[in-house]
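Here are my notes on the model you asked me to look over. Please read them with the structure open.

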Amino acid sequence: MQAIRHGGDDLDDDFIPDETAALSADEGSGAAPLEDEDVFVEGGDDEGEDVEEEEAEDFAASSTNAQDSAKAEKKRKRREQVKERKAKKRKLAETLEFVEGSSSAQSPAGLANYLASMQAKSFSKLSSIEMDDLRIPEAAIADTTSWAGPRTLDHLTDFIRKILPSLRLRLSQRSKNNGAPTLLYIAAAALRVADVTRILKDKKLRGDKGGDVAKLFAKHFKLAQHVTYLKQTQVGTAVGTPGRLGKLLNDTDALKVSALTHIILDITHKDAKNRSLLEIPETRDEVFTMVLNNKEILNGVKEGKIQIVLF
């Protein structure tokens, strides 16, 4: 495999090594407010009646509090059941990912052919000669065959530390320029981007002073917001959907590739229709036409400066 040349000018010379949406409870109905006529007894000097009425009120209040507590406990149990079902569903999905992760576990030669076949679907009108100019060379694809574990988010940190030690080292350093990540992680959907972002913020990768982890997708965020953020932030990793990453790369000057050494394609994860990043026509086209076809990235891949990783 051709050696990957990592530049040094894009990192500080002094080597400075650095959401979950909670399930909302249903709104419970509180106790009905007591009316004045229920509280105060006008006229009469019989203290016994007053005491009896006060005791009745205390009993009613106690009963109401008990009902509220029971409702709160019921809601708590219901939330726990929902969380448990979601956890089981995610575990099942990750099990399926492990079973179907064989495509990403191939040799660089096999992965080069796989990427070429996917790329041809996005450029169906190009000739074979034109396709050769866009093909990802085998030498630019990381050899991950030594990784025997599951390719799930629970193991992503260990995967990077073992298989991509040079990336792990660079993630603990801070880039000199704002908006210039060393890693692009491309995922198919916003929710997956959010999940990956949380994992890549692990101190085992970034240390105490590594660059920020950017979360880049169109849902909830305008392009201008990401442009402003990137221009003001030293980013070590940019995790995003291919559409938003492509717009930032091609339509703005906010996302720079001067420090970029690795691009991870999140191909093992499947959506609800059992399709991966490169099996969904829209995201596949965005990966190949907007990200990997970016002139600077394509040149970096061909020159051995940027390595493609399939996870």
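This is a predicted model: local features need pLDDT of at least 70, side-chain atom pairs count only at pLDDT 80 or more; totals for chains, interfaces and linings use all residues.

1. Five strands form an open sheet in the order S2-S3-S1-S4-S5, and their pairing is parallel. Strand S2 (212-216) and strand S5 (307-310) are the edge strands, each pairing on one side only. From one strand to the next, the twist averages 20°.

2. Strand S2 runs parallel to strand S3 (residues 235-240), and five bridges join the two. Asp212 stands opposite Val235 in S3.

3. Aromatic pairs. The model has three aromatic pairs. In one of them, Trp147 and Phe159, the ring centres are 5.6 Å apart and the planes meet at 85°; angles over 60 degrees count as edge-to-face, so this pair is edge-to-face. Trp147 sits in the loop between helix H4 (128-134) and helix H5 (156-163), while Phe159 is in helix H5, so the pair ties together parts twelve residues apart in sequence. Both Trp147 and Phe159 are buried. Ring pairs link Trp147, Phe159 and Phe311 into a cluster.

4. Val301. This residue belongs to helix H12 (residues 295-302). Its relative accessible area is 2%, and the limit for buried is under 20%, so Val301 counts as buried. Leaving aside residues up to four places away in sequence, Val301 touches Ile136, Pro137, Ala140, Ile306 and Ile308. Of these contacts, Ile136 is 165 residues from Val301 along the chain, yet their C-alpha atoms are separated by 7.3 Å.

Conventions: Residues are numbered from 1 along each chain as its sequence is written. Side-chain values use heavy atoms; hydrogens and water are left out. Helices (H or I, at least four residues) and strands (E, at least two) are DSSP runs, numbered from the N terminus. Buried means under 20% relative accessible area, exposed over 50%, partly exposed in between (1.4 Å probe, protein chains only). Contact means heavy atoms within 4.5 Å. Two strands pair if DSSP finds at least two bridges between them. Axes are lines fitted to C-alpha atoms, for helices over the stretch in contact, and angles run from 0 to 180 degrees between N-to-C directions. Rings of Phe, Tyr and Trp (its six-membered ring) pair if their centres lie within 6.5 Å; planes under 30 degrees apart count as stacked, over 60 as edge-to-face and the rest as tilted.
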